[in-house]
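Here are my notes on the model you sent.

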Amino acid sequence: MIKVSETAKKKVIELMQEDGFNPTTDFVRVGVKSGGCSGLSYDLKFDKENKEDDKVFVDNDVKIIVDKKSFLYLVGTTLEYSGGLNGTGFVFNNPNANRTCGCGESFSL
């Protein structure tokens, strides 16, 4: 399962509406891909389609879909949003990551 913090929920809903997505019916697609300075990087985008091998979660009124491959890397992750002085953006708090890069956008197991 992937959790969504209250601040991330508010920002997801705001951005989905700005991009023409409906937060009550559309999804946030979370994935993992090769790349980044630590080996794997996070991928986050909006999607209207739920594919056959996707896992679907709802947390804090946000619908999240994760492909089968990425799910193994993301179990227990919390999606947060930071708007502080150190930068603005979504942050993945992943308990499976052994090492993360300084920007927090890539990790390794």
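1. Is E14 buried, partly exposed or exposed? E14 counts as partly exposed, because its relative accessibility is 36%. Please keep in mind throughout that this is a predicted model.

2. E14 has a charged partner. Its side chain meets that of K11 in a salt bridge, at 3.2 Å from N to O. An α-helix has 3.6 residues a turn, so residues three or four places apart point the same way. K11 is listed among the buried residues of α1, whereas E14 is partly exposed.

3. Now the helix itself. α1 has 13 residues. From first C-alpha to last, α1 reaches 19 Å, close to the 18 Å expected at 1.5 Å a residue. Its buried residues are A8, K9, K11, V12 and M16. Their cover includes strands β1 (3–4), β2, β3, β5 (62–66), β6 (78–82) and β7 (89–93). Just after α1 comes G20, with a positive phi of about 85°.

4. How many salt bridges does the structure hold? There are five. Side chains of opposite charge can pair when their charged atoms come close. The E14 and K11 pair is one of them. Others are taken up in the next points.

5. K48 and D26 form another salt bridge, with their closest N and O atoms 3.4 Å apart. K48 lies in the loop between β3 (40–47) and β4 (55–59), and D26 lies in the loop between α1 and β2 (27–34), so the pair ties together parts that are 22 residues apart in sequence. K48 counts as exposed because its relative accessibility is 53%. D26 counts as buried because its value is 7%.

6. R29 pairs with D54 in a salt bridge, and here the closest N and O atoms are 2.8 Å apart. Which parts of the chain does this pair link? R29 is in strand β2 and D54 is in the loop between β3 and β4. These are distant parts of the chain, 25 residues apart. Both R29 and D54 are buried.

7. S70 counts as buried because its relative accessibility is 1%. What does S70 touch, leaving aside its neighbours within four places in sequence? S70 is in contact with V30, G31 and V32.

8. Last, the whole chain. The protein chain has two helices and nine strands. From the N terminus on, the order is β-α-β-β-β-β-α-β-β-β-β. Of its 109 residues, 39% are buried. Among contacts between residues at least 6 apart in sequence, 52% join residues at least 24 apart. The accessible surface comes to about 6300 Å², and carbon and sulfur atoms account for 48% of that surface.

Note on methods:
Residues are numbered from 1 along each chain as its sequence is written. This is a predicted model: local features need pLDDT of at least 70, side-chain atom pairs count only at pLDDT 80 or more; totals for chains, interfaces and linings use all residues. Side-chain values use heavy atoms; hydrogens and water are left out. A salt bridge is a side-chain nitrogen of Lys or Arg within 4 Å of a carboxyl oxygen of Asp or Glu. Buried means under 20% relative accessible area, exposed over 50%, partly exposed in between (1.4 Å probe, protein chains only). Helices (H or I, at least four residues) and strands (E, at least two) are DSSP runs, numbered from the N terminus. The expected span of a helix is 1.5 Å times one less than its number of residues. Contact means heavy atoms within 4.5 Å. Accessible areas come from the Shrake-Rupley method with a 1.4 Å probe; for residues, only the protein chains shown count as cover.
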